[in-house]
Amino acid sequence: METARWRDTINLDDLWEGDMAAVTVDGETVLLVNVDGTVRAYSNRCPHQASALDEGDLDGETLTCAKHLWEFNAVTGGGINPDDARLTSYGCQVGDDGTIYVDIGR
Amino acid sequence: MRRPRIVVIGGGAGSAAAVAELRKQGFDGSLTLVSAENTVPYERPPLSKGFLLGTSGQVPVKDAAWYEQASVELILGSRATRLDLAARTVTLSGGAVLGYDQLLLATGVRPRVLPGLDGDGVCYLRTSEDAAALRDRMTAAGHVAVLGGGFIGCEVAAAAIRLGKRATILEALPTLLHRALGPELGDVVAGIHRDEGVDVRTGQQVLGIRPRRGGVRISTAAGDVDADVLVVGVGTVPNTELAEQAGLPAGHGIEVDECFATAAPGIYAIGDVAAQHLPGHGRRVRVEHHDTAVRHGRVAARNMAGQREPFADVHWFWSDQYDHTISSAGLIPGSDGPGELVIRGSLEQRNFSAFSLDGDRVRAVISLNRPRDVLDARRLIARDHSATAAQLCDESLPLKRLAAPAVTAT
């Protein structure tokens, strides 16, 4: 990758469609989601009270935090319930060999 | 043409959700929210948890600027004292009379006050004002006594321990959270509190209290307990007076149908005060949980905006005590506690989900430290599924697998 900030994480083979996984990037816990082949990276902390989102549920495009049922659109990162919340998005790319690269911006 | 007017009575999270949804649905008439409290609607769950520890402040559902932006008129520090169905007006404690086209009653509940249990050193917990007073009192206290081993009592005792105080829970029933969880799971919770250092005394009969220097002396059938503060959490009373005065059926809560409509046209009720007829449950249910109130607010707003949407969300709640989380989805059939439960996981290890099974259907789940199971069960409850006790106990079988296969279009 071009910049030094892209970090390689897991391979797409290990993140099936409809799956999510938590990885650590530069000391930060990052949530990877695969919605119909589209991979997105977010902070793994729920914007509500920082609960780990990977302990929640991914149902179609809807990501639900297990702690207090906050819901997000896993493709856009936008809040569904409440609708004025938002996930922290990180840069995310999938390399030719399936490696998922994440840039958390530091 | 005159703009239609909707008035919302009550300043809880359900009201805030309702006015937000009304605007989202395109209701552009006049919208007024009346609250007896002097503040915009805020989140109550932290009041018995982080607020007492000082790790959470008062968290507004929407900040004051939002209401201005959304053209929602706030009338704070004011109670609705009279409802006139024929004239379609509500009279407020200050004397103002508001006309309405549609009215939403979200008057909530208040703590049940026991006769003789009040005065200096005795605290009840419902509002942020109550919580601030309790926090100040607890900070100065050495020994915090709690009367009532329900959710409020358990959370306050946990906060007291976290603050380094001595804590005693006095409960009349044989264990903690007895009504919500039943004896078996209640014992697990009692064990957690005892291990954290709480003096848990169940089967206690409180005879009375009297003030003593800097605190209270609580007389029980088994002897006296001296404490610096007594927190009473012995249930609630629904605030049905306004509805009753107007002649609306409100025996054990304001009676509403599955779309939140009361017996009077244009008047709806939601949240803790609403006793809702749900066809799938065969009984009227009144649920006092934050998430339910918020969902009520949203769905009632859509009905008020002209849609017809019966409430179908699965009831859900959580309680944090120490590092443990109790969470639950669904409604226990009947009203005598959870009855027979199927356990997945281990009571001893305090890591389990307890399922209420009705034939081959999961009706409800109560979990300790397994919020993920609750999410999965919540999905099952909302959909077609089939489960046996053996399957629910089998941890190698993901709960999701119990869902009926989706009908696929060909």
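Guide: Start with one residue pair. Glu71(A) forms a salt bridge with Arg378(B). The closest N and O atoms of Glu71(A) and Arg378(B) are 4.0 Å apart. Bear in mind that this is a predicted model. Across the interface of chain B and chain A, 9 salt bridges are found. Polar contacts join 12 residue pairs across the interface of chain B and chain A, counting pairs with both residues at pLDDT 80 or more.

Now the contact as a whole. Chain B and chain A bury about 1,300 Å² between them. Of that area, 43% is on carbon and sulfur atoms.

Follow H9(B) next. This helix spans residues 371-382 of chain B. H9(B) lies across S5, S6 and strand S7 (71-73) of chain A. The angle between H9(B) and S5(A) is about 25°.

What sheet do those strands of chain A belong to? It is an open sheet of 4 strands, in the order S5-S6-S7-S8, with antiparallel pairing. Strand S5 (57-59) and strand S8 (79-81) of chain A are the edge strands. Each has a single partner strand, so one side of each is left without a neighbour in the sheet. From one strand to the next, the twist averages 30°. The partner of S5(A) on the way in is strand S6 (residues 62-64) of chain A, and 3 antiparallel bridges join the two. Within that pairing, Asp59(A) stands opposite Thr62(A) in S6(A).

Chain A has another strand to look at, S10 (residues 99-103). Of its 5 residues, 5 are buried. Thr99(A), Tyr101(A) and Asp103(A) point one way from S10(A), while Ile100(A) and Val102(A) point the other way. The residues on both faces are buried. Strand S1 (residues 7-11) of chain A pairs with S10(A) in the antiparallel sense over 3 bridges. There, Asp8(A) stands opposite Tyr101(A). Strand S9 (residues 89-94) of chain A also pairs with S10(A), antiparallel, over 4 bridges. Gly91(A) has Asp103(A) as its bridge partner. The hairpin of S9(A) and S10(A) has 4 residues between the strands, and Gly98(A) takes a positive phi near 90° there.

Back on chain B, take strand S26 (residues 361-368). It is mostly covered, with 6 of its 8 residues buried. Strand S23 (residues 324-330) of chain B runs antiparallel to S26(B), with 5 bridges joining them. One bridge partner pair is Ser327(B) and Ser367(B). Strand S25 (residues 351-358) of chain B is also antiparallel to S26(B), through 7 bridges. Leu357(B) stands opposite Val362(B) in S26(B). The hairpin of S25(B) and S26(B) has 2 residues between the strands. In this hairpin, Gly359(B) takes a positive phi near 65°.

Methods: Residues numbered from 1 in each chain as written. Chains lettered and ligands numbered in written order. Predicted model: local features only at pLDDT ≥ 70, side-chain atom pairs only at ≥ 80, totals over all residues. Heavy atoms only, no water. Buried < 20%, exposed > 50% of the residue type's maximum accessible area, 1.4 Å probe, protein only. Pairing = 2+ DSSP bridges. Axes fitted to C-alpha atoms, helices over the stretch in contact; angles between N-to-C directions. Contact = heavy atoms within 4.5 Å. Buried area = accessible area lost by both parts, 1.4 Å probe. Salt bridge = Lys/Arg side-chain N within 4 Å of Asp/Glu carboxyl O. Polar contact = N/O pair within 3.5 Å; in protein donor to acceptor, adjacent residues only side chain to side chain.
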